[in-house]
Amino acid sequence: MTITEVSRRYGLTPDTLRYYERIGLIPPVPRGKSGARDYDEDSCQWVELMKCMRAAGVQIEALIEYAALTQQGDNTLEDRRALLVRQREQLTARMADMQASLDRLDYKIDLYTQRIACRDRIKT
């Protein structure tokens with residue numbers, strides 16, 4: 001696939017895809033005879049993984065480390081697993097914080113709903 005096709009498929013700009021490759025967030029993308037990037041299925045899987053992880057708030061540095069460890073082979077399996085476990089723990093903590101914020105908002109919305117209903121009953 002061309003960079004334009006991958007860009008459309010994953011909703012990332014070509015500049016973002018080039019940046020991800022340049023900083024090591026995704027492994028080097030194969031090149032066609034003309035030298036243009038020719039994304040294969042493996043490259044697309046990396047793009048999809050990194051997009052998912054970034055959307056979850058995983059830090060770029062952690063993802064660069066993960067990509068580098070992956071390229072070193074199976075002798076880094078434990079390190080990769082540990083890195084992902086740490087990222088999962090951080091994501092779980094952020095989700096708990098977000099849930100607490102959502103609960104607080106729901107509480108405040110309910111209070112206003114009750115006050116408005118009370119006010120409306122008094123008017124009638």
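## Helix α4

Let's start with helix α4, which covers residues 60-71: its 12 residues reach 17 Å from the first C-alpha to the last, close to the 16 Å expected at 1.5 Å a residue. That expected span is 1.5 Å times one less than the number of residues in the helix. Helices here are DSSP runs (H or I, at least four residues), numbered from the N terminus. This is a predicted model, in which local features need pLDDT of at least 70 and side-chain atom pairs count only at pLDDT 80 or more, while totals for chains, interfaces and linings use all residues. Residues are numbered from 1 along each chain as its sequence is written, and side-chain values use heavy atoms, with hydrogens and water left out.

The buried residues of α4 are Ile60, Ala62, Leu63, Tyr66, Ala67 and Leu69. Buried means under 20% relative accessible area, exposed means over 50%, and partly exposed lies in between (1.4 Å probe, protein chains only). These buried residues pack against α2 (14-22), α3 (41-55) and α5 (77-123). After α4 comes Gly73, which has a positive phi, near 100 degrees.

## α4 against α5

Two packed helices are described by the angle between their axes and the distance between the axes. For α4 and α5, the axes come within 10 Å and cross at roughly 160 degrees. Axes are lines fitted to C-alpha atoms, for helices over the stretch in contact, and angles run from 0 to 180 degrees between N-to-C directions. α4 and α5 are therefore roughly antiparallel to each other. On this scale, angles under 35 degrees count as roughly parallel, over 145 as roughly antiparallel, 65 to 115 as roughly perpendicular and the rest as oblique.

The α4 and α5 crossing is left-handed. On the α4 side, the contact is made by Ala62, Glu65, Tyr66, Leu69 and Thr70, and α5 supplies Asp79, Arg80, Leu83, Leu84, Arg86 and Gln87. Contact means heavy atoms within 4.5 Å. Sorted by class, the contact of α4 with α5 has five nonpolar, two polar and four charged residues. For these classes, Ala, Val, Leu, Ile, Met, Phe, Trp, Tyr, Cys and Pro count as nonpolar, Asp, Glu, Lys and Arg as charged, and the others, Gly among them, as polar. As for handedness, a crossing is left-handed if the near helix is turned anticlockwise from the far one by less than a right angle, and right-handed if clockwise.

## A look at Leu69

Leu69 is found in helix α4, and at 10% relative accessibility Leu69 counts as buried. Setting aside neighbours within four places in sequence, Leu69 is in contact with Thr76, Asp79, Arg80 and Leu83. Leu69 and Leu83 are 14 residues apart along the chain, and their C-alpha atoms are separated by 9.9 Å.

## α3 against α4

Now for the pairing of α3 with α4: their axes come within 10 Å and cross at roughly 150 degrees. α3 and α4 are therefore roughly antiparallel to each other. The crossing in which α3 passes α4 is right-handed.

From α3, Trp46, Leu49, Met50, Met53 and Arg54 meet Ile60, Leu63, Tyr66, Ala67 and Thr70 of α4. The contact of α3 with α4 divides into eight nonpolar residues, one polar and one charged.

## The loop between α3 and α4

Ala56 has its place in the loop between α3 and α4 and is partly exposed, with a relative accessible area of 23%. Not counting residues up to four places away in sequence, Ala56 touches Leu91 and Arg94.

Gly57 and Ser34 are 23 residues apart in sequence and 36 Å apart in space, C-alpha to C-alpha.

Helix α1 (residues 3-10) packs with α3 at an angle of about 35 degrees, and their axes are 11 Å apart. α1 passes α3 in a crossing that is right-handed. Val6, Arg9 and Tyr10 of α1 make the contact with Cys44, Val47, Glu48 and Lys51 of α3. By class, the contact of α1 with α3 has four nonpolar, no polar and three charged residues.

Ser43 also lies in helix α3 and is buried, with a relative accessible area of 8%. Leaving out neighbours within four places in sequence, Ser43 is in contact with Val29 and Pro30.

Technical notes:
Helix = DSSP H or I, 4+ residues; strand = E, 2+ residues; numbered from the N terminus.
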